[in-house]
Amino acid sequence: MSDSIDIINALALLTNFVILPGLSYGSQLALGALAVTLVYSILRFSNFAQGDSMAFGTMLVIFLSGYMISQGWTISGVPTALLAIPIAIIGMSIYLLLMDRLVYKHYRGIKIKQSIVGITASIGVMFITGGIVRFFLGASAQRFGDGERFIFSVREFKAFTGLQQGIALKTSQFLTITLAILLVAFLFYFLQKTKTGKAMRAYSDNKELALLSGIDPDRVVRITWLLVALLTTIAGTLYGLDKGFAPQQYHLLLLPIFASVIVGGIGSPIGAIAGAFLVAFSEILLTYAYKKFLIYLLPLSMHPSSLVQLIGTEYKYAISFVILIIVLLIKPTGLFKGKVIVDE
Amino acid sequence: MAYLEGNNLVASYGVVPILHECSVQVEKGELAVIVGPNGAGKSTVMRVLLGMLEATSGSVTLDGKDISMLSTQDRITHGLAFVPQTKNVFPSMTVEENLQMGGFIRKDDISKTIEEVYELFPILYEKRKQLAEELSGGQRQQVAFGRAMMTKPSVMLLDEPTAGVSPIVMDEIFSNILDVRNAGMAVLMVEQNAQQALNIADKGFVLVSGRNEHTGTGKELINDREVRKKFLGG
């Protein structure tokens with residue numbers, strides 16, 4: 001280990017262990033948070049089933065990609081899961097529309113506080129969905145990624161740049177960031193420019209006036225669930241490719257996702273994305289061990305002997321809670337002013 | 001027979017009776033005003049005409065055709081338009097998007113109608129890219145009128161268009177309403193500011209406890225001694 005100050009290697013280290021993981025984790029949270037935001041804006045409740053729905057979508061991808069691999073329907077280098085996503089989205093849409101028909105629709109028809117009733121109903125759906133996933137796939141963790149694991153590995157990077165500290169770009173990270181950008185661009189285009197997207201915003205803005213303008217509420221709700229299925233399946237699959245699949249892990253994802261939505265401002269799509277990256281980077285920056293980073297930057301006499309980790313990784317879910325509490329105390333409307341839904 | 005007619009309307013909220021055989025009529029190119037004390041059932045008449053509340057008896061006719069059985073959306077396709085008292089725009093959408101949403105059910109090209117709205121309310125053209133929530137009260141009311149006009153309606157129903165605005169804005173809104181009437185529409189509005197409304201109205205209905213108490217031209221009602229004493233403050 002060198003004893004001089006080495007900024008470039010320090011930055012390479014940070015890129016490899018903080019920036020790339022933060023960007024991909026943030027993208028995964030952002031997609032989940034956008035799904036929660038959509039449901040909140042249109043159906044007017046916080047969807048507690050989001051984490052488990054992501055597990056359900058990932059389960060579909062795991063089964064489909066397993067079948068495709070057994071049939072030899074693969075493209076070399078590409079994770080088969082990626083090819084399975086489109087079909088899984090259709091399955092997820094059917095499941096969500098079925099849940100809407102069986103559960104949520106009933107409560108929409110009753111003149112009671114949608115925000116409370118919707119949350120309670122979605123907690124029920126959360127348990128059902130989680131149960132289904134565990135029934136078919138078990139509760140243990142598993143990996144389902146195949147194909148090339150790296151776009152470029154640490155060794156390739158070192159050989160190319162001659163740096164002591166390498167950077168690796170995992171296929172899952174590359175896919176996550178690329179797909180998230182495409183999906184967010186599509187979603188914003190859809191909501192801002194298309195007639196259907198505008199009708200959804202109008203419905204979210206002023207339900208009564210939307211009805212007076214001839215907007216069909218059932219259609220708005222259906223399209224919302226289709227978009228949620230799209231976001232949920234892709235977010236879940238990308239998270240699983242990156243970190244492996246475990247039902248409990250997905251269930252707990254609800255915390256950072258809700259934190260993202262609230263930090264950003266409930267009901268604001270841009271806020272959901274900003275909140276997601278804020279939460280993701282807070283988690284990673286606070287649980288990263290800075291020892292090696294500081295060794296690169298500090299003279300020998302000041303080298304730390306401990307790990308220089310601010311919080312143990314086992315406490316990472318507490319970080320979401322702390323962020324939530326701080327935001328709710330200081331700026332309850334979130335970074336971007338969200339909407340407060342008042343029950344009629 | 002008048003262009004839009006509500007004949008002998010009886011309606012109630014649950015078990016509470018609101019309207020007792022109440023009738024209103026309005027012709028094309030005419031401005032009719034419904035005035036009366038609080039709780040007289042003024043807004044309820046609107047809701048019944050629009051099909052948002054079902055009448056227990058009585059009928060609603062448009063151009064001689066009975067539309068009592070149609071849903072609100074169908075009545076809007078047939079030419080009725082409604083500007084609610086509050087929450088009458090889409091606040092987080094731009095002025096232009098508000099107008100587009102007004103024409104949502106139309107299958108043909110709506111750009112010409114949008115231009116017509118801009119001609120009627122030039123300020124909206126300047127502010128077309130701004131969010132409705134950023135506009136002043138009077139401008140927002142223009143957006144609300146514009147949105148309702150996007151279906152090219154023959155009848156415009158307005159629920160207390162001047163509630164809670166300053167006298168200057170009130171004059172502005174009344175002049176907008178006269179523009180809409182002069183464009184050939186039948187305009188029926190409910191108003192709290194009875195004196196000012198009857199001043200510009202072609203026809204007025206004074207409603208008390210869900211019944212027609214007085215009916216006449218705006219001038220007649222203002223000059224009617226009893227109406228003045230009871231409803232216009234002497």
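1. First, a term for what follows: a residue is buried if 20 or more other C-beta atoms lie within 10 Å of its own, exposed if 12 or fewer, and partly exposed in between, with C-beta atoms placed from the backbone. Helices, for their part, are DSSP runs (H or I, at least four residues) numbered from the N terminus. Keep in mind that this is a predicted model, where local features need pLDDT of at least 70, side-chain atom pairs count only at pLDDT 80 or more, and totals for chains, interfaces and linings use all residues. Residues are numbered from 1 along each chain as its sequence is written, while chains are lettered from A and ligands numbered from 1 in the order in which they are written.

2. Start with α7(A). Eight of its 11 residues are buried, so α7(A) is largely enclosed by the rest of the structure. The buried ones are A:Lys198, A:Ala199, A:Met200, A:Arg201, A:Ala202, A:Tyr203, A:Ser204 and A:Asp205. Their cover includes α1, α6 (171-193), α8 and α9 (217-243) of chain A, along with α3 (95-102) of chain B.

3. Now the interface. Counting two residues as in contact if their C-beta atoms, placed from the backbone, lie within 7 Å, 12 residues of chain A are in contact with 16 residues of chain B. On the chain A side, α7 (195-205) and α8 (207-212) each supply at least two residues. The largest share, five residues, comes from α7(A).

4. On to the core, meaning a set of buried Ala, Val, Leu, Ile, Met, Phe, Trp, Tyr and Cys residues joined through C-beta atoms within 7 Å. The largest nonpolar core has 162 residues, and those with the most contacts inside it are A:Leu231, B:Leu157, B:Val187 and B:Leu188. Helix α1 (residues 7-43) of chain A gives the most to this core, with 16 residues. Leaving aside residues up to four places away in sequence, B:Val187 touches B:Leu31, B:Met156, B:Leu158, B:Ile177, B:Val180 and B:Arg181.

5. One residue to look up is A:Ile19, in helix α1 of chain A. A:Ile19 counts as partly exposed because it has 14 C-beta neighbours inside 10 Å. A:Ile19 and A:Ile284 are 265 residues apart in sequence, yet 8.9 Å apart in space, C-alpha to C-alpha.

6. Over in chain B, which residues of α6(B) and α7(B) meet? From α6(B) they are B:Gly137, B:Gly138, B:Gln141, B:Gln142 and B:Phe145, and from α7(B) they are B:Val169, B:Glu172, B:Ile173, B:Asn176 and B:Val180.
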